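Subject: Structure handover

Hello,

Here is the structure I promised to pass on. Please open it first, then read my notes below.

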Amino acid sequence: MFDPVCPSTLSPIHFGDKWAGLIIRCLERGPRRFSELRIPLRGITAKVLTQSLRALERDGLIARTAHAGPARRVDYALTALGRSLLVPMDAACAWTGQHWDELLDAREAFTPGSAVG
């Protein structure tokens, strides 16, 4: 899913913005710092990551915790609501896996500008 050659955008089912689902997956195993999120999310800019994190926080899916002290840091973690999204995300990933070849064929056959219906 985080591999640059894997077209994770192939799934027609999206959660939030382009990066939201990947961010949620990054936080699945526990809290992470901003810099730790950028490692698996190659290609995301700091600005876009910040915007996505704020949107997820606004929607109650993640919590931002600022730690004071000499080693200041900010952690991001899934809330209970965010964790509940993992089940439908797993279902969407399973569906995509079952229909991978059909989805790839459809994308390859698509001609931009063609009329639907």
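From the N terminus on, the elements follow the order α-β-α-α-β-β-α-α-α. That gives 6 helices and 3 strands. Please keep in mind that this is a predicted model.

Some overall values come next. The protein has 117 residues, and 27% of them are buried. Its accessible surface is about 7,800 Å². Carbon and sulfur atoms account for 57% of that surface. I also looked at contacts between residues at least 6 apart in sequence: 53% of these join residues at least 24 apart.

Now to one residue, Leu49. Leu49 sits in helix H3, which spans residues 46-58. Is Leu49 buried or exposed? Leu49 is buried, because its relative accessible area is 0%, and the cut-off for buried is under 20%. Beyond its neighbours within four places in sequence, Leu49 touches Ile23, Phe34, Leu37, Arg38, Leu41 and Ile44. Trp19 is worth a look too. Trp19 and Leu49 are 30 residues apart along the chain, yet their C-alpha atoms are separated by 7.8 Å.

Last, a helix pair. Helix H5 covers residues 86-98, and helix H6 covers residues 100-109. They pack at about 70 degrees, and their axes are 4 Å apart. That angle makes H5 roughly perpendicular to H6, since 65 to 115 degrees counts as roughly perpendicular. Which residues meet there? From H5 come Trp95, Thr96, Gly97 and Gln98; from H6 come Trp100, Glu102 and Leu103. By class, this contact holds 3 nonpolar, 3 polar and 1 charged residues.

Best wishes

Terms used
Residues numbered from 1 in each chain as written. Predicted model: local features only at pLDDT ≥ 70, side-chain atom pairs only at ≥ 80, totals over all residues. Heavy atoms only, no water. Axes fitted to C-alpha atoms, helices over the stretch in contact; angles between N-to-C directions. Helix = DSSP H or I, 4+ residues; strand = E, 2+ residues; numbered from the N terminus. Parallel < 35°, antiparallel > 145°, perpendicular 65-115°, else oblique. Contact = heavy atoms within 4.5 Å. Nonpolar A, V, L, I, M, F, W, Y, C, P; charged D, E, K, R; others polar. Buried < 20%, exposed > 50% of the residue type's maximum accessible area, 1.4 Å probe, protein only. Areas by Shrake-Rupley, 256 points an atom, 1.4 Å probe, with all protein chains shown as cover.
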